[in-house]
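The structure is shown first.

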Amino acid sequence: MGIKFVHTADWQIGRAFGKFDAGTAARLEVARLDCIERIGAVARVGGARHVLVAGDVYDSPDLASKVLRHLMEALRAQPDLRWWLLPGNHDPARSGGVWDRILGFGLPANVTALLAPGAHILDDGVHLLAAPLVAKQTSQDPTAWMDDFETPAGAIRIGLAHGSITTFSSEGDGGIIDPARAKGARLEYLALGDWHGTTQVDSRTWYSGTPEPDRFRDNAAGNVLFVQVDGPGAVPAVTPHRTARYTWVQEAETLQDVDGLARVEARVLSRASLPSQLLVRLALTGRLSASAQSGLAAWREGLEGKVCHLEVDASGLGISVDPTDFAALGDDRALQTVAERLAQAAIDGPNERREVAKAALAKLFDLVSRMPAGAP
Amino acid sequence: MKIRAIRVRDVGHFAAGAALEGLSGRLDVVVANNEIGKSTIFRALEAVFFEKHTGKGGRIQAITPRAGGSPLIEVDFDVGGASWRITKQFDRGRRAVLSELSGARRQLRGGDVDDALAQLIGLQDGLPGRLGFLWVGQGSALSPLAPDNKRGESSALHKFVEQQVADLTGGGRLRALRAMIAAELNVLATGARREPKAHGPWKRAISQRDDLKQKFAAAVAAQTQSRERREAMAANRLQRDALTAPDRVATANNNLAQAIAARDAALASRQLLRDAQARSHVLDAALDRAERNATILQGQIEEARSLEAAITAAEPGLAAAVAELATRRSAVEGLNARIAALMIQEQRAQHNVQAAQQRALAQEAQMQLAARLEALLAARALEADLATVASELSGTTVDEALLDRLIAADATAKRASDALAAGAPQVTIEYVPGVSGAITMDGTLLSGGPLDPSHATASGGRLRLEIPGVGVITVEAAATADRARNLALRVEAETTLAQGLAALDLQNLGEGLIRRQQSAALRARFNGLQAQMTALVPAGLAAFEAQIESTRAALDIPPLEADTLDQGAASVGLQQVRRDLAEERERLGSLQLQQEPLIEAIAREEATLSAHRARLCTLQPKLPEPTAWASVLAGLLENTQMARDAANAALRELAAVRQNVGDEAAVSALERRVSALEAEQKKDQQHLHTIALAMERLHGEEVIADAQEVAAQVPRIDGELQRAEADVQRHERDVAALALLDETLVASDAANLDRFLIPVVDNLNPYLALVFPGAHLTMAGDFSVNALKRPSGTSELNVMSGGTLEQIAVLVRLAFASLMADAGAAAPLILDDALVYTDDERLKLMFKALARGAERHQILFLTCHQNASDALGGQRVEFVPWSGETSS
């Protein structure tokens, strides 16, 4: 007696990417739904018949009905798999919530919404102990009841829950799930959701992470876990499978010269086989000469054309004053004087003026470079 | 560049061709009076160098002759070491030819000409540029101090100046940068205040952000509403589920069923009790009826027996009384007949008495009537006399007062006539014997003797005595005051008299007096007749006649029974009859008094018997035959006893049922419980209905909201809002950066200005020293002149005289022309009557300056001042005819 299943979580279908331009936002939204098919493929390839979704299936209780239906139809389209959906803090099982609405228009036959704490039979001798969240915020460990919950002797017990474990604190909110729950509740495996990066808590406790990343955080997001439990008491075999379409890259680079831009670009582009599936956030620090500052915009435009999305934070990038740097201004002593004054203001002017001075200097070089030939 | 020849045809005043040939290229002076065509030459030069041959603008229209034609202009000029000829014809005959007159002798035509020409003479963007500044048209010399950059003048001048300032070349780039900054800022922000420009990207970003803020607020509100709606839906669903929970419904139904069963059982028992009570009541009523029937029948039988006995006992006495009464009534009837006969006699006797009285009265009345009829006849005769007299009187009546006034007037006239006659001349005619009638007066032959004074009076006191054959003797009374007064009195009196007689219709006064006497006599007679009439009929004739008629009517006397019966005998007969009648009436009264008690007794007895018989008749139909009275009574008593037994049995049954039935309060409590349970179920149904309606409404609202997807847009709009805010900040940062850059450029520009102007000032000062010794000009960065500083003081531009202004304008242009010449781009300075306000002394100095300038570049001086220009020197150029064709 054993069982194979796919553990996934935090689909957050319907998540809006309003901070991105409309086209990018639409692509990212669609990618989350498209991911379902790849998750199904992972299950089929491994010979699993069950997909356990550990919460946050939907991003919000306020989604339009058609978004709710789109997912249900995507799941209905894979009838060879049974999908176990657990409400999380984004889509808690509360009155009037997203699940009420879904139940209103009916679940597909191959889908089970786990709206109340309790056990379900996955296969003969395999019990799924589901701990849905019924509110957006809770201070109670939703898995606590599993310790005392009895199943027939020799049964395989799989736990399914959503929330941070109490040892996590990086999210800024207190964890609620006891990291030792798998042991205390005699679970062969505890499938958790909420943490978007794939994370192993112990040999029986895992966060699958979100199958399609949705933010700039280097936390191994974009996977599902293929889990195999060979029998009661057996340590599960857990294998991450990449399902993400988009790669979210967050890089920081300290620049000393304009060559640093090329370096960071090469590093970024190496993160994905297709640059168009890259979303990039760069934090540039260090110093660039005034003329290089003007080239920064051009470089940025070039990289922006390659990747799906680019954000560059150059507020930490200083400006260096080098007399030879002003060669781009030609022999025009008057312009050189202007550039010197702006550079000085960018370096030691009042704080609130430094950024403006830096931008003015970059604008000077930009305008000079755009002056028509034959101009005085 | 130097102009060597200018030729025009069909240009302005020059409809026929004219040319200025052989220009020296130094100081060339064209002197011509106004209206000859100097300015036409100036405009022709502008047109040929600055206008395309296809142009149709104002400059072309200005040189087109009024009579029409296609302006043809041809100019020979040297530039860049080569000689060229530009030929342009405008309007319908438009063409352009640029020919090199030396060297390669290239020739260009049509559209290629303009670009090539611009390149040759250094025009940019098709604008006059530096040439525009150096070519000063008539009338524009007073406003040339700031180069017009719309014509490219300023830019061109800057270019040349910068070529002279080797170490300050940045000035031009600096301005170019400022122009680029201004262009970028102009897209984003308003001028000085640097606020978001309408329709600009900054403003659009702000609008978009603000719009998104509103959308975000709306979406959040919609989201809240949607959540509240869904929560309400869930709450309703919970309530509905709670109300329709099977356990709850089953319990409620069971409770209701039990309550209904208990109530129905109680109601059935109560019905049994009510039935027993009803039966007992019915039997009690039957008993009462049986007892009452027996009692009634027994009473009726006894009453019938008593009535029959009373009737039998009363009948004999009644029959005797009736017989006695009949006897007495017969006697009364005899008396009544006697009294009736007496009453007839009494009436007849009474009639006779009255008739006798009336007859006596009628006889007296007839006598009175006869007397009155006599009086009436007399009165009527009197009345006729009165009418006759009255008629006569009306014919003789005069106005007594007027007649008196006429009598007085007559007397006055007579007195005046008498007085006049007394004063009239007394003429006596005494004819000599044998002579008579020889004197006439008024044609009347006068006899001898004294003349009647009245003649004199009648003729105004004058007597005109005519003696035929002798003459006329006029005798006139003396004119005294009395005479005049008397004459007036007489005239007035006679007038009054004549008018009065006419008014009274009298011939003379005597007739009036006679009529007065007749009238008085008639009046006296009338009064006498009236007195007789009054005595005879004091109330008037009509009243008297009415009285007679009344009397006559009263004499309608009825006839007497016996004409012979007199009034006394009739009275005696009447009295006897009345005595007999009184006696009989007394007897009748006595009989009637005796009869009345008997009648009353008979009536009473008859009434009693009638009542008994009537009652008996009423009872007899209800009663059996008298023979069956005893058996019927026995049967009734037996029935009564049976009814009593049944009623007692029913009472016992009622007592038994009552022991098994609860009281009314218990039944009511059961009914109340059923009602309460039913009300509870109804309330639940109503509540369910309300919930269903609410859910339906909420669902409908949610479907609409869901379709609109507003609530779901919150995160998306939030993100878009953040991006829009970032956009706004980016524009703000860009504007701030551009503004800072511009400020920095301005600061740098100002610092370099003085040095930048050095080459201009260097070229200007030699000319300035010639005209304004010891003075220098202050200029702005765009080469506009600010002021003239002289040892005696500073003159601002706006207070300079016209002469000073035009002198400075020419000197500044001389300076720039020299500067251009130094830069190897010499251009002719063309002045068209540019010194019109300058006095002679200053004009000489200006001529010196021009002569010095002409050493470095060409000056074409167009003027109408023949004498003054003599001092200028240079080469005088005259107009010569031109056919329109020039040999090459």
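## Chain B overall

Chain B has an accessible surface of about 47,400 Å², and carbon and sulfur atoms account for 53% of that area. The model is a predicted one. Of the 888 residues in chain B, 39% are buried.

The secondary structure of chain B consists of 21 helices and 21 strands. When contacts in chain B between residues at least 6 apart in sequence are counted, 72% of them join residues at least 24 apart.

## Interface of chains A and B

Chain B and chain A bury about 3,500 Å² between them, with 61% of this area coming from carbon and sulfur atoms. The contact involves 37 residues from chain A and 40 residues from chain B.

Across this interface there are 15 residue pairs in polar contact, with both residues at pLDDT 80 or more. The interface of chain B and chain A also has 7 salt bridges. A salt bridge joins the side chains of A:R370 and B:E184, at 2.4 Å from N to O. On the side of chain B that touches chain A, the elements giving two or more residues are α6 (170-188), α7 (201-243) and α17 (714-756) of chain B. The largest share of that side comes from α17(B), which gives 17 residues.

## A:D62

A:D62 lies in chain A, in the loop between β2 (50-53) and α2 (65-76). Is A:D62 buried or exposed? Its relative accessibility is 3%, and because buried means under 20%, A:D62 counts as buried.

Which residues does A:D62 contact, leaving aside its neighbours within four places in sequence? In chain A the contact is A:R101, and in chain B the contacts are B:Q223, B:R227, B:R230, B:A711 and B:A712. With B:Q223, the side chain of A:D62 makes a polar contact, side chain to side chain, at 2.7 Å.

## Cysteines

How many disulfides does the structure hold over all chains? The count is 0.

A:C308 has a relative accessibility of 10%, so A:C308 counts as buried. B:C864 has a relative accessible area of 18%; this value is under 20%, and therefore B:C864 is buried as well.

Note on methods
Residues numbered from 1 in each chain as written. Chains lettered and ligands numbered in written order. Predicted model: local features only at pLDDT ≥ 70, side-chain atom pairs only at ≥ 80, totals over all residues. Heavy atoms only, no water. Disulfide = S-S within 2.5 Å. Buried < 20%, exposed > 50% of the residue type's maximum accessible area, 1.4 Å probe, protein only. Helix = DSSP H or I, 4+ residues; strand = E, 2+ residues; numbered from the N terminus. Polar contact = N/O pair within 3.5 Å; in protein donor to acceptor, adjacent residues only side chain to side chain. Contact = heavy atoms within 4.5 Å. Areas by Shrake-Rupley, 256 points an atom, 1.4 Å probe, with all protein chains shown as cover. Buried area = accessible area lost by both parts, 1.4 Å probe. Salt bridge = Lys/Arg side-chain N within 4 Å of Asp/Glu carboxyl O.
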